[in-house]
Amino acid sequence: MVNQSNLTTRLTTALTAVTAAASAMSAQQAQQRPNIVYIMTDDHTAQMMSAYDARHISTPNLDRIANDGVRFTNSFVANSLSGPSRACMLTGKHSHANGFLSNEFSTFDASQPTFPKYLQQAGYETALIGKWHLHVYPTGFDHWEIIPGQGDYYQPPFINMQGDTIVHHGYLTNVITDKAIDWMENQRDKSKPFCLLIHHKAIHRNWMADTCDLELYEDVEFELPENFFDKYEGRRAAAEQEMAIASNHDMDPVYDLKMWYPGVDSRLTGAYQGIVGRLDPEQRARWDAFYQPIIDKYYADSLTGDSLTVWKYQRYMRDYAKTVASLDRNVGRVLDYLRDHGLDDNTLVVYTSDQGFYMGEHGWFDKRFMYEESLNTPLVMRLPKGYDARGDIDQFVQNIDYAPTFMELAGADIPSDIQGVSLVPLLRGEKPADWRPYVYYHFHEYPAEHMVKRHYGIRNDRYKLMHFYNDIDQWELYDLEADPTEMHNLFGTPGMEQVTADMFELLRQAQEQYDDPIRFQYPIPQSTKK
Ligand code: SGN
Ligand code: CA
């Protein structure tokens with residue numbers, strides 16, 4: 001007769017062995033899951049990244065990521081503004097679904113699920129360093145250190161996990177990078193895979209370069225975009241914005257272009273003095289030595305009209321380009337760290353921005369509109385071993401796709417309410433036949449700074465249909481093949497009936513699929529009201 005107690009002991013021993021094997025296996029598998037280093041800048045646009053556009057500047061370190069890995073050529077945001085973009089990225093959901101519609105009138109519901117929380121549950125260590133901009137403290141991170149609001153380029157304050165604000169000496173892009181490398185080297189639990197979010201303020205307005213980069217690009221005359229002097233015919237929302245380089249109200253020569261002079265008073269002079277007042281004496285001496293001759297010439301020349309607008313464009317481009325130089329150098333430091341510490345093979349490196357930006361196209365700076373320059377955002381990735389895609393990925397991707405991508409890489413289940421789609425098949429080099437053929441967009445922040453009206457729209461590989469609403473009711477339709485700079489609103493034009501009907505059907509499908517409570521109503525309008 002079998003001794004019950006012996007049997008129990010034998011079974012227990014066998015079970016323990018199986019469990020040990022299973023946990024050894026999962027530890028090994030866990031080890032193989034890639035680390036994720038996600039670098040997101042603020043307002044960095046593809047026109048100013050040489051992997052996308054070599055006309056203006058060179059960004060060798062950002063390009064390294066693309067050259068070693070992949071470049072997404074159809075990468076779009078869901079809502080072209082900082083806080084909303086960040087909320088889309090964290091949740092994998094459009095703005096109406098994650099609740100963060102606007103920088104100015106939303107607060108992030110930090111109790112909702114986000115990909116860092118799912119990654120933590122899957123055994124990852126998670127960290128966030130830099131800009132956050134969601135008006136509540138971060139959740140889902142084992143470690144975070146954020147800059148308050150938009151942050152400061154010089155002597156930047158950081159809020160730590162104890163809620164203390166500590167001012168650091170130096171230039172923000174360097175400080176964020178120092179902290180990110182220090183966390184990877186000294187603070188993380190090296191037995192776990194990690195996900196590190198490095199969120200830069202650069203290259204946000206008012207484009208303040210590190211003092212060591214001030215002299216760069218001064219001999220460059222940047223090419224003007226062909227629609228720099230756009231008159232916005234047939235596009236009322238475009239005509240009524242407040243983000244024109246030509247306007248000294250919108251782009252302030254003092255605040256934006258550093259042309260401060262005693263006695264000069266403008267809308268943003270006080271703000272500029274506060275910002276430049278943060279520089280220490282040595283930084284300030286270099287700053288003044290650089291800008292003073294330009295200031296003297298600016299006031300002596302007293303340019304007006306188009307000459308002033310073109311001069312403002314050149315100064316804007318130069319300051320922006322100098323600010324990118326520091327960013328590019330600091331991304332290089334992170335890439336070098338990963339390479340020198342044997343982390344290259346098992347780390348996904350993502351470089352993107354919270355949205356694109358206008359570099360004089362339509363005469364503008366800033367973003368918000370669903371036109372190409374700010375709907376697009378740079379997206380390049382260096383892939384961990386085993387992911388074979390290289391070169392260009394042309395499928396339509398959106399920032400709501402990042403969360404499910406990272407979750408799949410971490411082995412986490414992707415809940416059905418996530419609206420984005422995992423990019424992992426694309427990273428494996430697959431070409432899924434049923435990939436999404438369009439992207440949906442919805443911008444809500446109006447009335448607000450820059451006065452870009454509320455609008456939603458749909459873009460496929462050829463056309464874009466947009467509806468501006470709220471205090472306006474105007475539709476716009478573009479043929480991106482014939483009119484890539486979006487100068488000719490074809491809505492209501494004879495001959496466009498079928499295209500218009502097809503785009504309305506796509507828009508209907510998207511608004512239904514994503515369950516956006518703000519939708520257009522059938523019957524479709526035949527012409528646009530002013
Ligand atoms: C600030 C800027 C705006 C910018 C918003 C949003 N003004 O308010 O020009 O559009 O941020 O930018 S400033 O006077 O403070 O520089 S976002 O990228 O954070 O959404
Ligand atoms: Ca931004």
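## The shell around ligand 1

The residues of the shell around ligand 1 comprise two nonpolar, seven polar and nine charged ones. Here Ala, Val, Leu, Ile, Met, Phe, Trp, Tyr, Cys and Pro count as nonpolar, Asp, Glu, Lys and Arg as charged, and the others, Gly among them, as polar. The model is predicted: local features need pLDDT of at least 70 and side-chain atom pairs pLDDT 80 or more, whereas totals for chains, interfaces and linings use all residues. Residues are numbered from 1 along each chain as its sequence is written, ligands are numbered from 1 in the order in which they are written, and side-chain values use heavy atoms, without hydrogens and water.

In total, 18 residues surround ligand 1, each with a heavy atom within 4 Å of it. The closest are Tyr 255, Asp 366, Arg 368, Glu 449 and His 450.

## Polar contacts of ligand 1

Polar contacts are pairs of N or O atoms within 3.5 Å. A polar side-chain atom of Asn 103 is 2.8 Å from an oxygen atom of ligand 1. For Arg 205, a side-chain N or O atom lies 2.8 Å from an oxygen atom of the ligand.

## The calcium ion

Asp 42, Asp 43, Asp 354 and Gln 355 coordinate the calcium ion (ligand 2) at 2.0 to 2.7 Å; donors are N, O and S atoms within 3.2 Å for Ca. Along the chain, the donors follow the spacing D-D-x310-D-Q.

How values were computed. A polar contact is a pair of N or O atoms within 3.5 Å; within protein, one must be able to donate a hydrogen and the other to accept it, and residues adjacent in sequence count only if both atoms are side-chain atoms. Donors are N, O and S atoms within 2.8 Å of the metal (3.2 Å for Na, K and Ca); water is not among the atoms, so sites may look incomplete.
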